[in-house]
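Here are my notes for someone opening this entry for the first time. Have a look at the model, then read on.

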Protein chains: 2
Amino acid sequence: MGHAMVDMIADYYESLPSLPRVSPDVQPGFLRGALPPNAPEQPESFEAVMADVRDKLMPGVVHWQSPSFFAYFPSNYSFPAALADMWSSVLGMVGFSWAAGPVATELEMAMMDWLADLCGLPPAFKCNGGAGPGGGVIQGTTSEAVVVALLAARARALAGRPVADRLKLVAYSSDQAHSCFKKACMIAGMDHVRLLPASAEHDWALQPEALKAAIEADVAAGLIPCFVMASVGTTSSCAVDPVAQLAAAAAGSGAWFHVDAAYAGSAALLPEHRHHFAGLGAVDSYSFNPHKWLLTNFDCCCMWVADSGPLKEALSLTPVFLRAAAGNSLDYKDWQIPLGRKFRSLKLYFLLRMYGAEKLRSYLRHHIALAGAFAQQVAADPRFELAAPQRFGLVCFRLRGVPREVNAALLAALNASGRLFLIHTELGGAYTLRLAVGAATSQLEHVQAAWAAVSAAADQVLAEHGVAAAAAAAAGKEVAAAGAGSGAGARS
Amino acid sequence: MGHAMVDMIADYYESLPSLPRVSPDVQPGFLRGALPPNAPEQPESFEAVMADVRDKLMPGVVHWQSPSFFAYFPSNYSFPAALADMWSSVLGMVGFSWAAGPVATELEMAMMDWLADLCGLPPAFKCNGGAGPGGGVIQGTTSEAVVVALLAARARALAGRPVADRLKLVAYSSDQAHSCFKKACMIAGMDHVRLLPASAEHDWALQPEALKAAIEADVAAGLIPCFVMASVGTTSSCAVDPVAQLAAAAAGSGAWFHVDAAYAGSAALLPEHRHHFAGLGAVDSYSFNPHKWLLTNFDCCCMWVADSGPLKEALSLTPVFLRAAAGNSLDYKDWQIPLGRKFRSLKLYFLLRMYGAEKLRSYLRHHIALAGAFAQQVAADPRFELAAPQRFGLVCFRLRGVPREVNAALLAALNASGRLFLIHTELGGAYTLRLAVGAATSQLEHVQAAWAAVSAAADQVLAEHGVAAAAAAAAGKEVAAAGAGSGAGARS
């Protein structure tokens, strides 16, 4: 059965470019009638199960690995990571403490150091075999990393203070920060949450002056700055907050400073993108998800801290039944919310060795170039505008000067076709389409096909909505006639 | 490479009974010198990686799937679940919302209903296609389920109250509850945590009178009862709190009532054990881990709630970029801490179909019988005592009437041999060994070998510590001569 599954996986992977739809054409409830109401009493065959997977389940799949999947951010699958997960699965080793799985702890420390060096992270973030105050840990998701960072922040802020001071704690980020910031504040029970406005003027990056002013106002009001989160590569537009300047603005406030680079953190492997990460030496914690763009199958969120003390203060209890063996050099259960944890570092070990750093850098540059090709098409077509500068693999764009329902209709038309999958966001109140390039299978032809589809759908919705359609189209054609690689050109 | 990995997995699985050691003989830092300090620049072969896995990593593995792994609770691996995970991996579908992976949401609802029926759970816990107020959700771990339940409790308790009331909230459980209860309270910032004492007199079960008195005292003091957690099968001794009576004692207090059956919950598949779960119809939420004893590879914690409203109140934000499509019948991101999530229900689908309910019940009964065989040996040997009644697959035992260091020496001698792996706990201040039967590979011969090892090691440590060794051994032999299946008999 394992051999058959391997072959089916290879077949599925090869079929990705030719799948008729990226996102499914199903409605809520589509599966309910197709399944029996109860589990069977007697065993059924693998073949019967796989037949139902094919006939009943697959029609409801969003093909995240399709080369024409441009929604959200990518969720990379790679064969090295898949092989590692197969091995990790049969070990079934729940390495919450060193004693429960020594190699899980030791390899995680080593891989977090390998990755720290590949990304040019500050030395204080390295594990060095568990010796130092800092180190890296694999969390499940960025949401968990942010909660953990916030809990460490809270523990540090409340040390030596009366209990009631927890009502005075304040957390700061940009209004462009991922929603997990706000959710973490809800989880930790933070009553004062500042989502400081970022604007198009600064490409949606949070400004240090805004942070400084907010902190000063809160301190003057008797509140306690506790946590600041900056983003490198926001979800909406891949905005990059100026980490060094923000850290300087928060310095002296006592607040814990976390940097979330969930998607864009992979780009730190590229020297030419390293400047986006300047200032990490001045922050308390940093995290990004190799499970997004770095070929490490979900889940794998890498988080580093300069000092793990407050983390353990917030999360460690070490009950007696876990103190089974001596020599617990580093127990990762004290660095995370759950007790149980998988042997996830094995994925990074297989990936980093079987790809090698050079090939990983090429891989990332390839996607950035593909997104650049699409952005160029957008920029060259006067019907459209780039809603933000292209950064990394993300292009934010919209039809220019039309009511929002026209852009919404454009997205709906594209996704209804099933041939590609995008989502939208809001930037400054404007309905904006996002094209995120990052599937391992994506090639230039798929991005070109995406532009052709966008351009054709634009013709259609502009016509349907009668919004200066003729004028817009005419303008588009004029430019197309003049410039190579334009929208009209790509349509042909 | 996939085919080679499948063969290696099969070989490893077959080798489990004959491995020389269950837990490794390594020291912290063992791996550091064996790995290069940096990731390679150029790709390395799968063969080279697997050679290092064999030579460098495997010596640091705890073999959780070994038939002689009796530590913690089991972490079951099964081939159906492994096959499902391979398929889930290549899909790489992050189904945080219905739109991001319709089949992930729909199958999860269906599997949670299948499992609810198999366990005889109350109808209010069923998803019914997302229609009802209640439903089931797959969390990563029990720790996360308890945090989520506590956050729902807090949201419900604080609704309509002033913010400062969060300082008055109280959480209750037994001092035998899993440490994740206390950790959840730390995470949620609960200042008042009552770990009510349970005693040997009641087989370590929390008594309703104790809960009622604690709630009344807190209410009288102006505090607000917020959360009660009962346990079915504690980690130390598999104690079973009387859920129905505890729920009655807490009724009217307004507190959210959660039941944690992390390990023992699988036993709800067995009609003859269903009485341990009586009273679930009166509680707010319930969770257990199929990834422990129900052959569903880590991670898979199944959680049900009677009303998902407070959960969503505590955890939902729904930012605009996730509102991509219409018809989000149920978005599981609002039922959990992380945003991202795997297609984990596929494991349950493969498992439940390829085993069938009858075979799963036999599987559970098999382990309970094996634990029973071991408990019988303990009970028949006067050197030993059972520290708690055998429940499910767990036997708690110790040398009778000896200083605690002698029992500690017994455990150390057993684990040093490497032939089996156990851990200890504290029960009423007494050092107690735990033998948890639950690896899928465990058979009677392995439990008999474990008893032989325990008995022989007892001879050794009693002699070494000179603690009434002669007398104890003599008493042991007397009984052995009289009764079949005794300690001395198993030693021969």
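How many salt bridges does the rule find across the interface of chain A and chain B?

1. Eight salt bridges turn up across that interface of chain A and chain B, counting a side-chain nitrogen of Lys or Arg within 4 Å of a carboxyl oxygen of Asp or Glu. One of them pairs Arg361(A) with Glu41(B), with the closest N and O atoms 2.4 Å apart.

2. A word on the source: this is a predicted model, where local features need pLDDT of at least 70, side-chain atom pairs count only at pLDDT 80 or more, and totals for chains, interfaces and linings use all residues. Residues are numbered from 1 along each chain as its sequence is written, chains are lettered from A and ligands numbered from 1 in the order in which they are written, and side-chain values use heavy atoms, leaving out hydrogens and water.

3. Chain A puts 131 residues into the contact, and chain B also 131 residues (contact means heavy atoms within 4.5 Å). For chain A, 100% of the interface residues are interface residues in chain B too, so the copies meet through the same surface.

4. Between them, chain A and chain B bury about 11,400 Å², with 68% of it on carbon and sulfur atoms; this is the accessible area (1.4 Å probe) that two parts lose on being put together, summed over both.

5. Look at Tyr349(B) too: beyond its neighbours within four places in sequence, its contacts include Leu35(A), Val49(A) and Leu57(A), along with Leu107(B), Met111(B) and Trp114(B).
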